[in-house]
Amino acid sequence: MKNFYFLLVLLAFGPAGFAQSFTVTPGTNATLPATEGREEEATIYFTNDRSTDIDLVWTQSQNTLNPNWSVSICDNNLCYFSAYPGDTMLPVAAGTNGFLKFTCEINPGDVGSGVLAYNVSISGEPSTMVEVIFSVDGTVSLTPASFANSIKIGPNPVSRTLTLRATNGALEKGTVEVYNLEGRLLGSHTVRGVDAMDVDVSTLPEGAYLLRYFSDKGIVTRRFVRQN
């Protein structure tokens, strides 16, 4: 009789009632300050509580971000320089972490609020699904004199030559890199402290890209569109 009742309990709860899955830390919600001209990031980790590898699938469930913001989403496999619709992480070994890292930079004048959320589950096990939410809080702004706010690109859209310049003097020495929205590096250029720098983009197919400027004062990301 006891075995019969135990079987009923198993049927009532199903396999998911007892199966270990993964732990989300520091929580399912992460908030970033919407800081004009400065890159902010937040990471949510998924710890494998099982004794075998798991494959975690993440699929976008919400996106109310300003389309003018420069954003990226990374997992333990790749980084995507867009609010990517989703992917499957590299296998997460027992006791180790997978993760989603969200990065956002707001161009001057584009302060606001928004949400980017994903459903995360073990592949083939929909009962393990949790929703994780990255929220951008549009209450913080830097002064116009900040380093990032002084960096401009143009023309945008561009057909042949994209110009990088600083409105408050010469560019800091550093590096300029061009990426597509899937995170692939397409070109790298050295910045030598000139007033302005031209970047030839004429060989790129039409579409949207990211220019990232690295210097000792920080990293600035700008989105541009290449068109004929």
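Reply:
**The open sheet and its surroundings**

Five strands make up an open sheet, ordered 1-3-8-5-6, and their pairing is antiparallel. Strand 1 (22-25) and strand 6 (79-80) are at the edges with a single partner strand each, so one side of each has no neighbour in the sheet. Helices (H or I, at least four residues) and strands (E, at least two) are DSSP runs, numbered from the N terminus. Two strands count as paired if DSSP finds at least two bridges between them.

This is a predicted model, in which local features need pLDDT of at least 70 and side-chain atom pairs count only at pLDDT 80 or more, while totals for chains, interfaces and linings use all residues. Residues are numbered from 1 along each chain as its sequence is written, and side-chain values use heavy atoms, with hydrogens and water left out.

Four bridges join strand 1 to strand 3 (residues 40-48) in the antiparallel sense. Threonine 23 has threonine 47, in strand 3, as its bridge partner.

Strand 3 also holds asparagine 48. Asparagine 48 has a relative accessible area of 2%, so it is buried (under 20% relative accessible area; exposed is over 50%, partly exposed in between; 1.4 Å probe, protein chains only). Its side chain reaches the backbone nitrogen of arginine 50 at 2.8 Å. Leaving aside residues up to four places away in sequence, asparagine 48 touches Ser21, Phe22, Asp53, Ile54, Val92, Ala93, Ala94, Gly95 and Thr96; contact here means heavy atoms within 4.5 Å.

Other strands pair too. Strand 2 (residues 29-33) runs parallel to strand 10 (residues 125-137) over five bridges, and threonine 31 stands opposite serine 135 in strand 10. Strand 10 also pairs with strand 9 (residues 114-122), in the antiparallel sense and over eight bridges. Here asparagine 119 has glutamate 131, in strand 10, as its bridge partner. Strands 9 and 10 form a hairpin with two residues between them, and glycine 124 in the turn has a positive phi of about 80°.

The last point is confidence. The average pLDDT (the predictor's confidence in each residue, from 0 to 100) of the protein chain is 85, and 86% of the residues score at least 70. Where pLDDT is low, the predicted coordinates should not be read in detail.

Terms used:
Polar contact = N/O pair within 3.5 Å; in protein donor to acceptor, adjacent residues only side chain to side chain.
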